[in-house]
Amino acid sequence: MAAAHRIEVLHGVNLDMLGRRDPRHYGEGGRPLSLLELERRIESFAADQGLRVRFFHTNAEGEMVARLHRLADEADGAILNAGAWTHYSWALRDALEIAGVPTVEVHLSDVESREPWRRVSVFDGLCVAKISGRGPDGYRMAMAQLRRTLDGADE
Ligand code: DQA
């Protein structure tokens with residue numbers, strides 16, 4: 001049997017504060033959801049898809065760039081919620097392009113229907129999919145997408 005695909009879930013700036021952010025955007029059913037609770041949920045989504053999962057969080061842009069530089073050595077696919085960096089960090093776009101690892105962009109909240117600046121994504125055209133406004137379930141959809149992409153890549 002082939003080894004399970006390795007998925008790295010990358011949490012960007014302010015994602016560690018999820019449990020203290022507006023639950024209407026970042027919670028579930030109106031109640032706050034912590035990053036730890038989200039990660040437990042993501043682990044079960046990965047198990048359902050037969051994927052191995054690892055998490056990385058940082059609030060330092062340079063650390064995220066460095067993580068992306070090493071990503072290809074340690075992961076077959078990635079899920080990236082870069083938080084507000086999504087909307088302006090061209091350095092992260094370049095680093096993700098260098099990584100060359102199939103990546104799904106995820107946002108818990110619906111970035112299309114909030115402030116106009118959240119509609120901009122520096123990752124446009126680089127990711128295999130963008131999922132926004134589905135809450136934690138967006139990560140389940142992202143895992144399923146990566147499973148399809150990586151299985152296809154194996155053929
Ligand atoms: C976010 C949306 C971003 O606009 C915001 O800056 C975040 C979180 C989301 O998951 O909905 O920090 O990426």
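Predicted model: local features only at pLDDT ≥ 70, side-chain atom pairs only at ≥ 80, totals over all residues.
User: In what order do the strands of the open sheet lie?

Analyst: The pairing within this open sheet of five strands is parallel. Strand 2 (52–57) and strand 5 (129–132) each have a single partner strand, so they stand at the edges, with one side of each left without a neighbour in the sheet. From one strand to the next, the twist averages 20°. The order is 2-1-3-4-5.

User: Which residue of strand 3 is the bridge partner of Val9?

Analyst: Strand 1 and strand 3 (residues 77–81) run parallel and are joined by five bridges. Within strand 3, the partner of Val9 is Ile79.

User: What angle does the direction of helix 2 make with that of strand 2?

Analyst: Helix 2 packs on the sheet, where it touches strand 1 and strand 2. The angle between the directions of helix 2 and strand 2 is about 155°.

User: Which exposed residues does the face of helix 2 turned away from its buried side carry?

Analyst: An α-helix has 3.6 residues a turn, so residues three or four places apart point the same way. On helix 2, the face turned away from the buried side carries the exposed residues Leu36, Ala47 and Asp48.

User: Which residues touch the most other members of the largest nonpolar core?

Analyst: This core has 22 residues. Strand 1 (6–11), helix 2 (35–49), strand 4 (103–107) and helix 5 (137–154) each give two or more residues to this core. A second, separate core has 20 residues, including Val13, Val65, Trp85 and Val122. In the largest core, the residues touching the most other members are Ile7, Leu38, Ile79, Tyr139 and Met143.

User: Leaving aside neighbours within four places in sequence, with which residues is Leu38 in contact?

Analyst: Leu38 is one of the buried residues of helix 2. Beyond its neighbours within four places in sequence, Leu38 is in contact with Leu18, Leu33, Leu108, Pro136 and Tyr139.

User: What phi does Asn14 have?

Analyst: Asn14 is located in the loop between strand 1 and helix 1 (23–26). With a relative accessible area of 36%, Asn14 is partly exposed. Although Asn14 is not a glycine, its phi is positive, at about 75°.

How values were computed. Residues numbered from 1 in each chain as written. Heavy atoms only, no water. Core = buried A, V, L, I, M, F, W, Y, C linked by side-chain atoms within 4.5 Å. Buried < 20%, exposed > 50% of the residue type's maximum accessible area, 1.4 Å probe, protein only. Helix = DSSP H or I, 4+ residues; strand = E, 2+ residues; numbered from the N terminus. Contact = heavy atoms within 4.5 Å. Pairing = 2+ DSSP bridges. Axes fitted to C-alpha atoms, helices over the stretch in contact; angles between N-to-C directions.
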